[in-house]
Amino acid sequence: MTDNIMHVIDLRGRNLSRADLLKAMPRADMGTHEATELVLPILEDVRKRGAAALRDFEERFDHVRPIDLRVPKQRLQEALEALDPKVREAIEESVHRCRAVSASQVPSGFHTDLADGARVSERWIPIERVGLYVPGGKAVYPSSVIMNVVPAQTAGVESLAIATPPSKSSAEGLPDPTIMATCAILGVDEVYAVGGAQAIAMFAYGAAGSEEQDGEILCDPVDKITGPGNIFVATAKSLVSGVVGIDAVAGPTEIAILADSSANPEYLAADLIGQAEHDELAGSVLITDDESQIQKVQDSLNARVPRTEHSERVHTSLSGSQSGIILTDGLEQSIAAANAYAAEHLEIQTSDPDSAISHIRNAGAIFRGSYSPVPLGDYMSGSNHVLPTGGTARFASGLGVHTFMKPVEVIEYDEEGLKALADKINTFAVSEDLPGHGECVLTRFVDDPYDKQSLQEQERKAGLL
């Protein structure tokens, strides 16, 4: 008899508090505390030595010393020309769909008239310069190029830079050809063959050149850094977040599937495997109220896992403490568990998915029905696959056009608009022991706001009372 791969968390018959429910969820340990000790010296060295440090770290971590840290434009174009036409077609379709959705996300400004001469409006302003990190490691992610670049371009970001590790197969230290080709398709020509924490340092602090081909300045600092990465990238983003903006500190990827007896166990098993393929620390969680379904899924996993290409990685992920099958009393408890887990990706495979979705509060993205699996969102749905992990979907959202814009309020009061509030503002300011705030306003209407004995009379004469 084959042992079951995934462990079961039985919530049935338990009256769980919010704290108990959160504690019961399987979760990977981010481990950023341990990584901090390793990352801090990298950040400081890149800040001080620029491109020289970047080359040293690339040689140390990626086992190649790039000739060109900034990829020549010609090499991007050559990669595009050599790209398999079928792969190019798939990439272009993904770009098309992502652009369509992103165009609908652009926020509109507004204004509110509070009285005559009293208006507050809001403008959405694109961030000026953004650094986009595209991971390498166990897989190549041209899809991450699309998911970062398209919403940034749609938002109107003027300056985009991409950093991605050199390919292990390139003696020159160039990035993966498909990633370079995707950059060319999107019209991004500032691409760096730099990975890991050193890439985050380059974006945050900028980097002076160290060799002739670098120029005096290899890379200018950015205003915000986005994109997923490993534990060292996540830690580096966290450490520089006071210097630049970041989208999130991403942890291992994860899926939760909310299912009932109507779900196909073979689909469930395949979808759990698909997410586990990413990483040994990836979380794959099934939430169901159908006890009989659990063994069917386990049996399917036992049959499928040995046959998938990355079977060892998948088995490690599915059997880890961050994965599991949560058995509940019914749909209501299943929904409560899903909201507590707050999955990066949440699939809904129930007989009435719309009813379930209406009660979901916490998820990075929701995939409705049996024919909306997570890989659809990874590549081709038009949605964005850079999503909050580690339960942060309780308060955070996925990457989108809004990530690359900032709302700025514009306050425009004329003389009469301010005059109507001057006395109230002064009263408020004095109550906070900040009389200078009130005097700032009163100066516009009275002769001497500092003469408190006559101030009331001055206000009366000025028509403030």
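Reader: Is Ala429 buried or exposed?
Author: This is a predicted model in which local features need pLDDT of at least 70 and side-chain atom pairs count only at pLDDT 80 or more, while totals for chains, interfaces and linings use all residues. Residues are numbered from 1 along each chain as its sequence is written, and side-chain values use heavy atoms, with hydrogens and water left out. Residues under 20% relative accessible area count as buried, those over 50% as exposed, and those in between as partly exposed (1.4 Å probe, protein chains only). Ala429 has a relative accessible area of 8%, so Ala429 is buried.

Reader: In which helix is Ala429 found?
Author: Helices (H or I, at least four residues) and strands (E, at least two) are DSSP runs, numbered from the N terminus. The run with Ala429 covers residues 422–431 and is helix H17.

Reader: Which residues does Ala429 touch?
Author: A contact means heavy atoms within 4.5 Å. Leaving out residues up to four places away in sequence, Ala429 touches Leu434, Pro435, His437 and Gly438.

Reader: What separates the C-alpha atoms of Ala429 and Glu439?
Author: Along the chain, Ala429 and Glu439 are 10 residues apart.

Reader: Where is Asp433 found, and is Asp433 buried or exposed?
Author: Asp433 is found in the loop between H17 and H18. Asp433 is not a glycine, yet its phi is positive, about 60°. Its relative accessible area is 63%, so Asp433 is exposed.

Reader: Which residues does UniProt list for "binding site"?
Author: UniProt positions are given in the numbering used here, with shortened feature names, and annotations may be inferred rather than shown by experiment. The unreviewed UniProt entry lists Gln275, His278, Asp378 and His437.

Reader: Which residues does Asp378 touch?
Author: Asp378 counts as buried because its relative accessibility is 12%. Apart from residues up to four places away in sequence, Asp378 touches Ser143, Met147, His278, His345 and His385.

Reader: The side chain of Gln322 reaches the backbone oxygen of which residue?
Author: Gln322 is in the loop between helix H12 (311–319) and strand E13 (324–327), and its relative accessible area of 6% makes Gln322 buried. A polar contact is a pair of N or O atoms within 3.5 Å; within protein, one must be able to donate a hydrogen and the other to accept it, and residues adjacent in sequence count only if both atoms are side-chain atoms. At 2.9 Å, the side chain of Gln322 reaches the backbone oxygen of Glu280.

Reader: What is the relative accessible area of Ala342?
Author: Ala342 lies in the loop between helix H13 (331–341) and strand E14 (345–349). Phi of Ala342 is near 50°, a positive value in a residue other than glycine. Ala342 is buried, with a relative accessible area of 0%.

Reader: How many disulfides does the count come to?
Author: A disulfide is a covalent bond between the sulfur atoms of two cysteines. Here a disulfide is counted when a pair of cysteine sulfur atoms lies within 2.5 Å. The sulfur of Cys98 is too far for a bond because the closest cysteine sulfur, in Cys183, is 14 Å away. The count comes to 0.
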